[in-house]
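I opened this notebook to keep track of what I looked up. The entries follow the order in which I checked things.

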Amino acid sequence: MKKRIFNVLWAAIACFAAVCLGFIARSNGEPVNSFWIVAAAICIFLIGFRFYAKFIATKVMLLDNRRATPAERLRDGHDFEPTNKWILFGHHFAAIAGPGPLVGPTLAAQFGYLPGLLWILFGAVLGGAVQDFTNLFCSMRRDGKSLGKMARDEISKTGGMVALVTVLLIMVILLAVVALVVVNALKGSPWGTFTIAATIPIAIFMGLYLRYARPGKVLECSAIGVVLLLLALFGGQWVANSPLWSSWFTLGGIALAFCIIIYGFFASALPVWLLLAPRDYLSTFVKLGVIMMLALGILIARPQLDLPPLTQFTNGLGPIFAGKIFPFCFITIACGAISGFHALISSGTTPKMIAREWHAWPIGYGSMLLEGFVGIMALVAAAALAPGVYFAVNSPAGIVGATPAAAAATITSWGFPVTAAQMSDLARQAGEATLFGRTGGAPSLALGMAHIFSRLGGGAVISFWYHFAIMFEALFILTIIDAGTRVGRFMLQDLAGHIRPGWGRTGWMPGVIGASIIIVAAWGYFLYQGVIDPLGGINSLWPLFGIANQLLGAIALCVATTIFLKMHRARYMWITVAPLVWLIATTFTAGWQKIFSPEPRLGFLAQAHALESSVAAGNIAASKLSATQTIIFNNKLDAVVCGILMLLVTITIIDSVRVWSGLLRGSVPARSSETPFVPSTLEVESI
Amino acid sequence: MTVLRKLFRLAAALARELADESAYRRHLAHCSRTHSAAEWRRFMDAKLKSKYQQGKCC
């Protein structure tokens with residue numbers, strides 16, 4: 001009887017999902033209410049979680065609660081500790097949620113809301129969540145080993161080395177692109193710049209407070225930090241209105257880029273408790289709070305999506321980034337549907353804290369679905385803006401024109417009416433000098449979020465909510481920069497230690513400073529090239545980041561497939577091979593087009609050749625000759641980086657296929673590094 | 001009411017876990033030590049060293 005009621009309930013959820021998708025499909029280009037999108041997403045994610053993930057857990061992984069997890073066997077009170085399922089779910093989600101699912105869907109909305117929506121829905125269920133879940137499972141069965149270690153043990157030594165180098169490269173590109181998002185959000189904005197600058201003394205105050213005044217009181221300290229952040233937000237408005245102070249905090253792109261580069265160096269070299277850790281606590285709580293607020297705001301406000309389901313830019317000539325819907329929609333959305341970086345978290349802290357094997361189901365699979373839901377909310381926030389406004393904010397001046405009138409005319413000619421007066425009014429409401437050409441996704445997302453939040457708290461506070469959203473995005477992006485630079489420094493010192501053991505000591509000051517400078521210079525260079533790029537930087541750097549991130553996902557899926565084959569689960573290998581094939585198709589097509597496309601806006605080499613021809617023909621003014629040479633070099637560098645990433649992953653794929661073929665033919669022994677079965681004696685209810 | 005209370009307790013426990021306060025409590029229990037400023041600093045130095053061996057997710 002109970003089973004029958006459940007069947008009826010799940011059938012009703014499936015029918016409701018179909019009705020919601022039907023409403024979206026039958027809108028015929030008319031604005032559609034976000035309720036249908038949110039409801040369809042919730043239903044599809046629930047079905048994927050209940051049926052597909054459970055099928056994988058039961059048939060492929062053979063999850064077994066009688067088996068002791070590493071948290072139980074290796075319990076040490078530090079890294080290995082059995083943790084309550086829902087607490088670990090929140091912990092894991094807080095670790096995987098970053099700016100990717102917020103910025104990616106916002107940028108991909110240039111194709112219309114429909115492609116991004118469908119990819120997030122089905123990509124997360126069939127790809128991203130499968131990757132996270134399988135990697136968590138594999139690491140959990142191997143004492144919490146990292147992805148690189150699993151690649152080395154299960155595929156080959158080459159696989160491990162490739163994973164390590166790919167991670168380092170991705171880190172450099174990731175740090176550059178997220179820093180560019182912050183630079184573009186703060187450019188010419190004294191309010192935003194002051195608020196973000198104020199987070200540095202706030203974090204240092206918190207660090208000292210925790211270390212010396214009230215040791216151990218992290219929640220108390222974080223609450224004080226949040227209050228200080230809100231004061232900084234109000235202070236930012238005062239700074240913006242003061243002619244003297246606003247001139248101090250009104251910075252251009254290059255100045256902001258150098259500020260972030262210098263900041264990155266100090267964050268990497270200073271003691272971790274002083275700046276990085278307190279900022280991380282603060283950003284985690286603010287991030288979770290804002291995501292909950294956004295969900296609540298969308299549920300209450302139910303905004304209408306004014307952006308059409310499909311725009312003409314599916315043809316590859318979009319103003320925000322060049323490239324057709326396939327493969328660039330999938331590359332751009334990145335972490336909202338599949339993120340290779342998640343595999344590092346799934347094979348990091350989380351597998352060491354799982355109390356029961358079946359807890360991996362909600363933690364590994366469920367958390368990624370929640371991340372997909374964050375992507376859907378970002379898409380709704382962006383698509384709720386008037387299309388003309390969305391394109392005016394996100395299109396670089398190099399495409400739409402340098403003056404407000406020219407930009408408005410260009411965007412209106414695309415069929416998305418907008419006027420300079422309308423944009424000026426909106427900028428005034430948001431407390432900004434201008435909103436034209438604020439590329440990078442963060443400002444348009446902040447604008448969308450501000451409109452949703454202001455409908456809950458009165459229309460007069462758009463400026464407050466806009467800067468609140470900018471502060472929220474910049475706060476956790478800076479935490480990524482702090483932590484990423486530090487990790488890059490460790491990796492580099494580790495490599496240097498192989499040459500001379502003394503160089504590998506993480507406490508050796510010349511090594512700390514030298515390695516920090518090299519890492520900061522590496523991502524700082526890509527950031528700088530993004531800032532001076534006439535096409536806005538996002539056009540070249542975001543796809544490069546998307547390609548790198550998805551290629552890491554391909555490595556993670558190769559590892560999971562190899563392990564399934566060693567578990568004699570060949571008949572189910574399609575579960576990881578299908579998303580792997582899709583990732584290979586999208587990333588290699590995108591990579592190939594970014595390097596070799598003859599279209600200068602799309603292909604790195606084509607743009608370099610076009611600029612070289614202009615220089616040779618004397619069409620470049622003498623004053624711009626040096627900058628143009630730099631852009632030519634940068635395009636060639638991007639092509640080389642993209643090529644290296646593709647080559648590294650090709651090596652892993654060939655290596656994996658060689659191992660798979662041996663395993664399937666029986667010529668390679670199915671030797672797995674899985675830890676032997678130990679019966680569990682843990683009382684989970686006591687956790 | 002019970003559901004709300006349970007939810008609140010869960011949220012508070014999650015906040016303590018994210019703030020590393022629970023980890024500190026576990027550390028004290030595991031090593032049979034009592035809280036002090038020096039102990040907290042020792043714990044945090046070890047905890048943060050392992051925590052930031054890994055980058056933040058994108």
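Leaving aside neighbours within four places in sequence, which residues is A:Tyr466 in contact with? I found A:Ala430, A:Gly431, A:Ala446, A:Leu447 and A:Ala450. Two residues are in contact if their C-beta atoms, placed from the backbone, lie within 7 Å.

**Entry: ground rules.** I noted that this is a predicted model, in which local features need pLDDT of at least 70 and side-chain atom pairs count only at pLDDT 80 or more, while totals for chains, interfaces and linings use all residues. Residues are numbered from 1 along each chain as its sequence is written, and chains are lettered from A and ligands numbered from 1 in the order in which they are written.

**Entry: A:Tyr466.** I placed A:Tyr466 in helix α22 of chain A. Helices (H or I, at least four residues) and strands (E, at least two) are DSSP runs, numbered from the N terminus. A:Tyr466 counts as buried because it has 29 C-beta neighbours inside 10 Å. The cut-offs are 20 or more other C-beta atoms within 10 Å for buried, 12 or fewer for exposed, and partly exposed in between. I also looked up A:Gly225, 241 residues away along the chain: its C-alpha atom is separated from that of A:Tyr466 by 20 Å.

**Entry: α22(A) and α8(A).** I followed helix α22 (residues 462-499) to helix α8 (residues 157-186), both of chain A; their axes come within 9 Å and cross at roughly 150°. Axes are lines fitted to C-alpha atoms, for helices over the stretch in contact, and angles run from 0 to 180 degrees between N-to-C directions. The two helices, α8(A) and α22(A), are therefore roughly antiparallel, a label for angles over 145 degrees. On the α8(A) side I listed residues including A:Leu168, A:Met171 and A:Leu175, and on the α22(A) side residues including A:Ile470, A:Glu473 and A:Ile477. By class, the residues of this contact between α8(A) and α22(A) are 18 nonpolar, 3 polar and 1 charged. Here Ala, Val, Leu, Ile, Met, Phe, Trp, Tyr, Cys and Pro count as nonpolar, Asp, Glu, Lys and Arg as charged, and the others, Gly among them, as polar.

**Entry: α7(A).** I checked helix α7 (residues 147-155) of chain A and found 7 of its 9 residues buried. Among them are A:Arg152 and A:Glu154. The buried residues of α7(A) pack against α6 (113-140), α8, α15 (341-346), α24 (538-566) and α27 (625-665) of chain A.

**Entry: chain A as a whole.** I counted 27 helices and 2 strands in chain A. Of its 687 residues, 56% count as buried. The C-alpha trace of chain A spans about 70 × 65 × 60 Å along its principal axes. Of the contacts in chain A between residues at least 6 apart in sequence, 81% join residues at least 24 apart.

**Entry: chain B.** I found 3 helices and 0 strands in chain B, and 29% of its 58 residues are buried. Its C-alpha atoms fill a box of roughly 40 × 35 × 15 Å, taken along the principal axes.

**Entry: where the chains meet.** I noted 29 residues from chain B and 44 residues from chain A in the contact. On the chain B side, α1(B) gives the most, with 7 residues. That side of chain B has 15 nonpolar, 7 polar and 7 charged residues.

Notes:
Parallel < 35°, antiparallel > 145°, perpendicular 65-115°, else oblique.
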